[in-house]
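Here is a short briefing for anyone meeting this structure for the first time. Take a look at the sequence and the model, then read on by topic.

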Amino acid sequence: MKMTQRLDKLLVHIGIGTRSQLKQLAKSGAITVNGIAVKDSGMQVNPEADRIAVNGQEVRYREFVYVMLNKPPGVVSATEDNRDRTVVDLLPDEYRPFAVFPVGRLDKDTEGLLLLTNDGKLAHNLLSPRKHVPKTYWARVAGAVGEADRLAFAEGVTLDDGYATLPAQLRVLEVREQAEGGAISEIELTIMEGKFHQVKRMFEAVGKKVVYLKRLSMGPLELDPALALGQSRELTAGELLALQQAHEDQ
């Protein structure tokens, strides 16, 4: 980011108004820089050093935003959709000017951790197949998941289209018989890639069916257990630093 930039461009970026609206605000004395009213909304400012206020309210400039969402089922991982609500629709209006997008996707019926940002570089690093970013899921699976499945996943399984997955780490948490017959298993699975419907297809490859799926983590970023379905919050400085460092090191 440049040290200085146009004041109106900065304010438009964070959703304060259009350039024409900001021009009028400046003329009326509603915009101040370091406590002094400015008449030229096109003046150069340093967003990291100058104190900028509009109608007495100090504004906080951010080039990028990073939002953790606990995605609920029934919502699609997209920025827009003609039929369904999108993950972007769930965010507070304050994020609209930043044009955030989901980093990767979760299936419509899958819940859990989803990162939304406007930082294309970080998103690319998290999604690049060469980076092998681990993603951990919790799932409920119809059928008794056992040692044979763990070993098969550790080797990598072949999906329905012939693709051989990378080795994955499967932990069986519980297997219980149901009163109506058949077993149900609760598992955690960590995969190093993100093929379409991959977790579901991996279990189909060993003759089982995922009936509930939730993503718990992506790289060092873990879903905040305090976030209810549909809720979101910005990443902490520590979470963001961990994400950035994890993929600079690779």
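The chain is divided into domain 1 (5-59), domain 2 (66-130 + 220-249) and domain 3 (135-218), with bounds that come from an automatic or database domain assignment. The centres of domain 1 and domain 2, taken over C-alpha atoms, are separated by 30 Å. This is a predicted model, in which local features need pLDDT of at least 70 and side-chain atom pairs count only at pLDDT 80 or more, while totals for chains, interfaces and linings use all residues. Residues are numbered from 1 along each chain as its sequence is written, and side-chain values use heavy atoms, leaving out hydrogens and water.

**The largest pocket**

- The largest pocket holds about 500 Å³ of space. On a 1 Å grid over the protein atoms alone, a pocket is an open set of points where a 1.4 Å probe fits, with protein on both sides within 12 Å along at least five of seven lines; lining residues have an atom within 4 Å of a point. Points are joined across faces, edges and corners, and the volume is the space filled by probe spheres set on them.
- Of its 28 lining residues, Lys135, Glu193, Gly194, Lys195 and Gln198 are the closest to the centre of the largest pocket.
- The elements giving two or more residues to this lining are α3 (120-127), β10 (135-142), α5 (198-205) and β13 (209-218); the largest share, 3 residues, comes from β13. Helices (H or I, at least four residues) and strands (E, at least two) are DSSP runs, numbered from the N terminus.
- Domain 2 and domain 3 both give residues to the lining, so the largest pocket lies between them.
- By class, the lining has 15 nonpolar, 7 polar and 6 charged residues. Here Ala, Val, Leu, Ile, Met, Phe, Trp, Tyr, Cys and Pro count as nonpolar, Asp, Glu, Lys and Arg as charged, and the others, Gly among them, as polar.

**Nonpolar cores**

- The largest nonpolar core has 45 residues, and Leu11, Leu189 and Phe203 touch the most other members. Such a core is a set of buried Ala, Val, Leu, Ile, Met, Phe, Trp, Tyr and Cys residues joined through side-chain atoms within 4.5 Å; buried means under 20% relative accessible area, exposed over 50%, and partly exposed in between (1.4 Å probe, protein chains only).

**Helix α5**

- Because 6 of its 8 residues are buried, α5 is largely enclosed by the rest of the structure.
- The buried residues in α5 are Gln198, Val199, Lys200, Arg201, Met202 and Phe203.
- They pack against β10, α4 (147-155), β11 (169-177), β12 (183-191) and β13, where contact means heavy atoms within 4.5 Å.
- Just after α5, Gly207 takes a positive phi of about 80 degrees.

**Loop residues**

- Most residues other than glycine have a negative phi.
- Asn34, in the loop between β2 (31-33) and β3 (36-37), has a positive phi near 55 degrees. Asn34 is partly exposed, with a relative accessible area of 34%.
- Ala99, in the loop between β7 (66-71) and β8 (101-102), has a positive phi of about 50 degrees. Ala99 is exposed, at 55% relative accessible area.
- Ala30, in the loop between α2 (19-27) and β2, is buried, with a relative accessible area of 12%.
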